[in-house]
Amino acid sequence: MFPRAKMRKMSAARSGRVKIGDQPEDLLRRVVSLLSARQAVQTSALSRRWRHLWRSAPLLRIVPDEGFQAVRGLNEFVKHLLLLRDGAAPLDACVINFYCCEFDSYRYPSSDEPDVGLWLRHAVSRGAQLIRVEVYVEDEPVCLPDLPLVSKHLRVLDLRLVEIKDSLVDFSGCPSLEHLKFQGGFINAHRISSPSVKHLIIDGSGFNRKFRTRISTPGLISLELEFWGSTPLLEDMPLLVTASVYLDHECRDRCANTEFGNCGDPECDDCDVMVSDGDGCVLLQGLSGATTLELTAESRVFMFRRDLMWCPIFSKLKTLLVNEWFMTSNMSGLACLLEHSPIVEKLTLQLSKEPRNFVEIEDSDKPCKQAFLFKNLNIVEIKCQEGDERVKKILKILSQNGVPLAKINVLQTKRRPRRFGFIPMKKWGLQMIDVSERVE
């Protein structure tokens, strides 16, 4: 007589049906990893074979769900979860998603905070290769412990909506870390350093307004930077390939009265708390090794214009995109950039939908002090709204400085009477115009 379990397997094989419980344990662990930590533990009630699978699941997902009505309950659950987890089992990834608004506000006292630091350190100690922490708490972000991470396995670190201090962003103890992302939250650190990081994203995070955070990542290949607070100082990045930097109205380095800040007006709230830099570039020197560069800023933010006083040579730069921050003093800022970019091939000038430039371009017949250099330039694109009067002035200055009209394309966006605004490509209303009609 065959055992019943074996007979069931034989019957299932003959019928072509395969039960999930008959799959290899490695596959079942992957299945358990798709569940939240609480749901994963609940699978232990399915059968004896499932009883301990959650203890060695390669992915740990700590998220609140309907089973926890207070933060304290979640903390107690995760504490026991980590104690009972198989210490010898490898942990590939750990995802911590925590939104306190998902709990009843009456059951969430201010003294009750999630033990995110403990969970993070457990993931690091278990050799997780990917760690993502996203914690939302009303009023102020949760502050992670000011202690360095040490792991030879960690490759991807994604920190969202948390406060970070100095020691945590010293990644010298993480030699395999390649992808680093900060989204939202507050970076209250004097220095972010990593010899191994290749891809860095800072998306909407804040920096301290009283000092500049230095970013030291000599192995960086790609950079995306958008923030509020004081502009961070970028150290040399000799391997950089692509970079995108956006300075919006929440950047601390702005002034409504002058092109370069320090207007001297005691009534200027911006200059009154400006960070002192001394001499030297804050952004451009660190970006000078890139081949593709996007530099966009709100008109009052002067950091790019200020950095041009110490403009480095962009010896590898081939593609450059700037917006209207360059529209000062007969476009002398753009002239300076091009003078220091000897092999640039494509230039894109991106104008905002509504003119908000800091000062109007001088409509003068005099060319810039130094003519634009176009030895390798193949195309100049001007992207704007239909009817933007600034285009005519830009075309006139470009032509006065030896830019062949055949190399200039003006891409205008038409507004459509549609509920959802612009439509891409042809349907966006994107059209190219003959620039010869725009130059007198």
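This report covers the overall fold and the charged side chains of a predicted model.

## Basis

Local features need pLDDT of at least 70 and side-chain atom pairs pLDDT 80 or more, while totals for chains, interfaces and linings use all residues. Numbering runs from 1 along each chain as its sequence is written, and side-chain values use heavy atoms, without hydrogens or water.

## Overall fold

The protein chain has ten helices and 20 strands (DSSP runs: H or I of at least four residues, E of at least two, numbered from the N terminus). Of its 440 residues, 48% are buried (under 20% relative accessible area; exposed is over 50%, partly exposed in between; 1.4 Å probe, protein chains only).

## Salt bridges

The count is ten salt bridges (a side-chain nitrogen of Lys or Arg within 4 Å of a carboxyl oxygen of Asp or Glu). Arginine 212 and aspartate 253 pair at 2.7 Å, N to O. They sit in separate loops, 41 residues apart. Arginine 212 is buried at 10% relative accessibility. Aspartate 253 is buried at 0%.

Glutamate 235 meets arginine 214 at 2.9 Å, N to O. Glutamate 235 lies in the loop between strand S13 and S14 and arginine 214 in strand S11, so the pair ties together parts 21 residues apart in sequence. Glutamate 235 is buried at 17%, but arginine 214 is partly exposed at 36%.

Arginine 390 bridges to aspartate 388, with the closest N and O atoms 2.6 Å apart. Arginine 390 is buried at 5%; aspartate 388 is buried at 6%. Glu134, Asp158 and Arg160 form a salt-bridge network.
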